[in-house]
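Welcome, and thanks for taking a look at this one with me. Below are a few numbered points to read alongside the model.

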Amino acid sequence: MIRGRLAACGIILAGAIVLPGATGVRAQEKLSPKWEELTAADFRLGLQQSKGTCLLPFGILEKHGPHLPLGTDLLNVRYASLQAVAVEYAILFPEYYFGQIFEAKHEPGTVAYSLELQLKLLQETTDEMARNGCKKIVIVNGHGGNEHLLPLFGQAQMDKPHDYVVYVLDGARSRPGGPAKKSTGIDYHAGENETANTMVSHPDLVHLDRAAGESGADQKRVNLPEDVYTGIWWYARFPNHYSGDGSVATKELGEWNMKNWIAAIVEAIRAAKADEQSLKIQNEFYEKSMHPLDTRP
Ligand SMILES: [Zn+2]
């Protein structure tokens, strides 16, 4: 990346001396996608380039079996998001890991903020992103425990008018096809798929030799009909906060998963950039919701 190099000194362009900071020069530089690495002026250029589209990769801090780092979801979602914005530019919000993880509070290293704070912080974060020009915010979810939180958050945007649209891309951990999987049981957390993904994103942080040190088997300790939900289900089935078998993971599977995940993020960025309907329809809805008695079919 050549970012920053041209700004360090004046350069000669087509025979003329161009002073640092001239817009023409900066426009030709490759902008960093990372919010925190951009200057204020380059942030403005980045927003133009991204058409007001910004990514909020969402991770968590929780145990990942006996062999993966606490920040696995954060590390992997940022890895995939960074690869995606290199293909289709969007501004990437800094590290964000303030999600739903009550079910792992019994394990060391878990950071579980209250539900109130999770929702408030996420709302204020997207509000602040939008106030700065991110009118299309794609939340890239990297954590399974957020799969109810994020659709709820998205739906809650209908409560009050917002001048921006929130899109939620749920984690695409595995897709059909690709290398054959070696494990046959349930693979929800720190198992073959997630271990394989981390072997691609941060191979130095994977302790494969420890992966068989705990059981990730489904312990089936609660017997309820499938359509009855209870919060203890996860702990009842996977008390070690480990689901699957990470010891059989391969880099090839990780590469397949990551390639597909990155492609899904690129597709979501492109769809958000092209979407001219959602904000218009939101505004129509907000306006009608001020006077529901006037609404006619
Ligand atoms: Zn995970």
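In which helix is the place of Thr198? Thr198 sits in helix α6, and point 2 returns to it. This is a predicted model, in which local features need pLDDT of at least 70 and side-chain atom pairs count only at pLDDT 80 or more, while totals for chains, interfaces and linings use all residues. Residues are numbered from 1 along each chain as its sequence is written, and side-chain values use heavy atoms, with hydrogens and water left out.

1. Let's start with the zinc ion. His64 (NE2), Asp73 (OD) and Glu194 (OE) coordinate the zinc ion at 1.8 to 2.1 Å. Along the chain these donors follow the spacing H-x8-D-x120-E. Asp73 belongs to helix α3 (residues 72-87) and Glu194 to helix α6 (residues 192-201), so this pair ties together parts that are 121 residues apart in sequence. Donors here are N, O and S atoms within 2.8 Å of the metal (3.2 Å for Na, K and Ca); water is not among the atoms, so sites may look incomplete. Helices (H or I, at least four residues) and strands (E, at least two) are DSSP runs, numbered from the N terminus. Both Asp73 and Glu194 are buried, where buried means under 20% relative accessible area, exposed over 50%, and partly exposed in between (1.4 Å probe, protein chains only).

2. Back to Thr198 in helix α6. Thr198 counts as buried, at 0% relative accessibility. Its side chain joins that of Asn76 in a polar contact of 3.1 Å. A polar contact is a pair of N or O atoms within 3.5 Å; within protein, one must be able to donate a hydrogen and the other to accept it, and residues adjacent in sequence count only if both atoms are side-chain atoms. Setting aside neighbours within four places in sequence, Thr198 is in contact (heavy atoms within 4.5 Å) with residues including Leu68, Pro69, Thr72 and Val206.

3. Tyr164 also deserves a look. You will find Tyr164 in the loop between α5 (149-156) and β6 (165-169), and at 4% relative accessibility Tyr164 counts as buried. The side chain of Tyr164 makes polar contacts with the side chains of Gln123 at 3.1 Å and Asp127 at 2.6 Å. Beyond its neighbours within four places in sequence, the contacts of Tyr164 include Ala130, Cys134, Leu279 and Gln282.

4. Next, please view α4 and α5 together. Helix α4 (residues 115-131) packs against α5 at an angle of about 55°, with the axes 11 Å apart. Axes are lines fitted to C-alpha atoms, for helices over the stretch in contact, and angles run from 0 to 180 degrees between N-to-C directions. The two helices are therefore oblique to each other; angles under 35 degrees count as roughly parallel, over 145 as roughly antiparallel, 65 to 115 as roughly perpendicular and the rest as oblique. Among the residues that meet are Leu119, Leu122 and Gln123 in α4 and Leu149, Leu150 and Phe153 in α5.

5. Finally, two backbone details. Lys51 has a positive phi of about 55° although it is not a glycine, and Ala190 has one of about 65°, again without being a glycine. Lys51 is placed in the loop between α2 (40-50) and β3 (53-58), whereas Ala190 is in the loop between β6 and α6. Are these residues buried or exposed? Lys51 counts as exposed at 57% relative accessibility, while Ala190 is buried, with a relative accessible area of 0%.
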